[in-house]
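Dear colleague,

I am handing over the structure below, and my notes on it follow directly after.

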Amino acid sequence: MKALPTLLAALDDTRLTFRCRAALEAHQARLAHGHLRWVAAHSPAVAARFRAAGLPLSRWRELPPTDKAQMLATFDTLNTVGVTLEQALATARRAEQTREFTPPLLTPRGPVTVGLSTGTSGTQGVFLVSPEEQARWAGTVLRALLPGGLRGLTRRHRVAFFLRADSPLYRSVGSQRLTFRFFDLLRPLPDLVQEVTAYRPTLVVGPPAVLRAVQDAGAALRPDRVVSVAEVLEDDDARRLHAWGPVVQVYQATEGLLALPCEHGELHLTEAHVHFDLEAVGGGLVRPVITDLRRRAQPFVRHRLDDLLRLKDAPCPCGRAARRVAAVVGRQDDALRLPGPGGPVTVWPDFLRGALAGVPDLRDYRAEQTSEGALRLLLEPCTPETAAAATAAVRAALARSGADPAQVTLRASTLPPPVPGTKRRRVTRSWRPAAEEIL
Ligand SMILES: [Zn+2]
């Protein structure tokens, strides 16, 4: 098993920090050339897509994008390790139920780790990762997260991960200089607080809602960095968590590690490893179509994500050529479809989050579109004042987004307590138009 050398190589790979856009693109083209030849030779599903489009591998950027549903439909011939979707799902679900350390799935091509994405709506994603891919992942993340990169390892680091389900992905490393401890989100909060306080982590990693809950329960930590994963990091969470230390965000999805923070705390796309085509969807937002230039166990070639991003145009003071993400706005599934003067309009979750974040005394909220013209606002606390201010703020945001507030009913009520272990999404749409249900 070559995991440790791979990890150390990724941790130490200064060649992957590009300061010149042309050099970064040349690096991607070089990787794509070798990677796609290998993938097309080993993944019948990818080869079939090129054949169906009548394209040679060199014109991969013109390949029609695929999505999660299509990925799952072709899973058995897409992955290059001979695993069926049924086997992968059974392994991942068994691990989640028993809460045991996920045993690797043994395949004709060696062991792979199986993971499930924790989507709250739509299709659950499944991913396969080889030990070498895990090691590269861990090295790449650590390189970005440990202050000083490899030099940061000259002293001992203790990493505390707060996660929904244990995953060997996050346990890839353990050495004298670097220890990992996993904190299971389904355990009682006071236990977690006591244990993490005694551990004195130098790096705390977890979903922001969970870290906030641990903080509110009394954990006073002094890590070098607080790392937000798995959920959109909202401004108010970032401000509160800052009491522990500098807060940075990692943007990761089932589809891979997509953006990492630089030393200025800015989120850069992982363009040294993943190629991003960005489709404009209006409102200054883009939807990425990714081609992972390294992953072989489960290739992602011209794969369209559900996430919407807002990018920053200006160059970053760190000098990296990789593009910057201003915000991960949310899933397209969650974009609201509300009545407008000339028919339905799309209202992005970002607009409502912006409106509700400014409501005085409002500690937390959810907004959910429950029917064609109805929005439910769940508020904490729900007082006559917060309800009135939240309703007014949402109406103003709807008007700014081109919807017709007069055709939208708003109902405010009290936000129920969070369900442990579930992923938080503040703006969602549970209603689907008939046309969408057919799809
Ligand atoms: Zn930067």
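Buried is used here for under 20% relative accessible area and exposed for over 50%, with partly exposed in between (1.4 Å probe, protein chains only). The model is a predicted one, in which local features need pLDDT of at least 70 and side-chain atom pairs count only at pLDDT 80 or more, while totals for chains, interfaces and linings use all residues. Residues are numbered from 1 along each chain as its sequence is written, and side-chain values use heavy atoms, with hydrogens and water left out.

R302, in the loop between β13 (285-292) and β14 (303-304), has a positive phi near 45° although it is not glycine, and R302 is buried at 9% relative accessible area. Helices (H or I, at least four residues) and strands (E, at least two) are DSSP runs, numbered from the N terminus. D361 likewise has a positive phi, near 70°, but D361 is exposed, at 65% relative accessibility. For context, most residues other than glycine have a negative phi, and most peptide bonds are trans. The peptide bond between E380 and P381 is cis, with omega about -5°.

As for the zinc ion, C262 (SG), H268 (NE2), C316 (SG) and C318 (SG) coordinate it at 2.1 to 2.3 Å, donors being N, O and S atoms within 2.8 Å of the metal (3.2 Å for Na, K and Ca), and sites may look incomplete because water is not among the atoms. The donors follow the spacing C-x5-H-x47-C-x1-C along the chain. C262 is buried, at 2% relative accessible area, and H268 is buried as well, at 4%.

Best regards
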